Amino acid sequence: MQLQKTPLPYYTSPLLPVPHGMFTCAGGVSSAAFTSLNLSDSVGDQAERVQVNRARAAEALHLPHLVSVKQIHADQVLVVEPAHLVAEVTGYDAMISSLPGTGLLIQQADCQAILLAAPQQGIVAAIHNGWRGSVLNIIGKTIRSLQEHFGVTPDNLVAAISPSLGPCCAEFIHYRKELPAWMHRFQIQPHFFDFWEISRQQLVKAGLRPEHIEVAALCTRCNQQFFSYRRATKTANGITGRNGSIIGLPQRTTTLRL
Ligand SMILES: [Zn+2]
């Protein structure tokens, strides 16, 4: 991952040859628990401020439009159409798109965003992946949708796993109740699980080449530059902003083809 510092800080992966960014909590206009680049309008922040923050993030990536969904920690995949630009539809945690100039925005505070691109085919995808998404294998389901809707072969996909809860902090006291048996081998010390590796393996199992996957390996709970739900449960009753991760296809620019 590389840290871009202007016009506001965000991380990029050299694997993804399309506009994308995994944003930190800096560079926005929100205050208090949402300081400052909160990209969610479902957490109690002022809508006007979220709007400014989203506009700043989109502008940084030169994407004129953003589309996002009301995420519910399930495994439904939305095929993005222009109608979805108007308002967030509910019930989806993944988006796939061929629309130029349109960023897919994932909102997360410890959950992973998985950003995917099939550059030759002009297709992108973004997944909100918390532990429930890992259990449901929303990664595998999204990649199947890419095949079905756009004919994308997994061999041509590149992927980045955003900053998110690391194995240092992914503590599951009730894991026997919450996590299925196949996940237990990812327990790296009593009650701590490596969800970065779970996602990496789910991507490989879905057909991606290992060298086409980058894991940010930055823990959002350890690292104060990100919003963290788990950190906020200790200090602010769980009230916090949401980091944004965005991927989109560049806007078509006929004027540049001289
Ligand atoms: Zn950590």
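## A first look around the fold

Start in the middle: the largest nonpolar core has 65 residues, and A94, M95, L104, A125, A126 and A159 touch the most other members. Strand β9, residues 112-118, gives the most to this core, with six residues. A nonpolar core here is a set of buried Ala, Val, Leu, Ile, Met, Phe, Trp, Tyr and Cys residues joined through C-beta atoms within 7 Å. Buried means that 20 or more other C-beta atoms lie within 10 Å of a residue's own, exposed means 12 or fewer, and partly exposed is in between, with C-beta atoms placed from the backbone. Helices (H or I, at least four residues) and strands (E, at least two) are DSSP runs, numbered from the N terminus.

Before going on, a word on what you're looking at. This is a predicted model, in which local features need pLDDT of at least 70 and side-chain atom pairs count only at pLDDT 80 or more, while totals for chains, interfaces and linings use all residues. Residues are numbered from 1 along each chain as its sequence is written.

### The whole chain

The protein chain comes to six helices and 15 strands. Its C-alpha atoms fill a box of roughly 60 × 45 × 30 Å along the principal axes. For 258 residues, a compact globule would have a radius of gyration near 18 Å, and the chain's 17 Å agrees with that. That radius is taken over C-alpha atoms, and the globule rule is 2.2 Å times the number of residues to the power 0.38. Of the 258 residues, 45% count as buried. Among contacts between residues at least 6 apart in sequence, 63% join residues at least 24 apart; a contact means that two C-beta atoms, placed from the backbone, lie within 7 Å.

Seven of its seven residues are buried, so the strand is largely enclosed by the rest of the structure. Q112, I114, L116 and A118 point one way, A113, L115 and A117 the other way, and all are buried.

Which strands does β9 pair with? Strands pair if DSSP finds at least two bridges between them. Seven bridges join β9 to β10 (residues 123-129), and the two run antiparallel. Within that pairing, L116 stands opposite A125. The two strands form a hairpin with four residues between them, and G122 in the turn has a positive phi of about 70°. β9 is also joined by four bridges to β11 (residues 158-161), again antiparallel, with V158 as the bridge partner of A117.

### Helix α3

Helix α3 (residues 138-150) has 13 residues and reaches 18 Å from its first C-alpha to its last, close to the 18 Å expected at 1.5 Å a residue. That expected span is 1.5 Å times one less than the number of residues. Its buried residues are I138, I139, T142, I143 and L146. They cover an arc of only 140° around the axis, which puts them on the same side of α3; the arc is that of the directions from the helix axis to the C-beta atoms. Covering them are, among others, β5, β7, β9, β10, α2 and α5.

### A buried loop residue

F226 lies in the loop between β14 (213-215) and α6 (229-235). Is F226 buried or exposed? With 26 C-beta neighbours inside 10 Å, it counts as buried. Leaving aside neighbours within four places in sequence, F226 is in contact with T24, C25, P163, T220 and N243.

Most residues other than glycine have a negative phi, and most peptide bonds are trans.

| Cis bond | Omega |
|---|---|
| T6 to P7 | near -5° |
| T35 to S36 | about -10° |

P7 lies in the loop between β1 and β2, and S36 in the loop between β3 and α1.

A217 isn't a glycine, yet has a positive phi of about 55°. It sits in the loop between β14 and α6 and is exposed, with 12 other C-beta atoms within 10 Å. N237 has a positive phi too, near 55°. N237 lies in the loop between α6 and β15 and counts as exposed, with 9 C-beta neighbours inside 10 Å.
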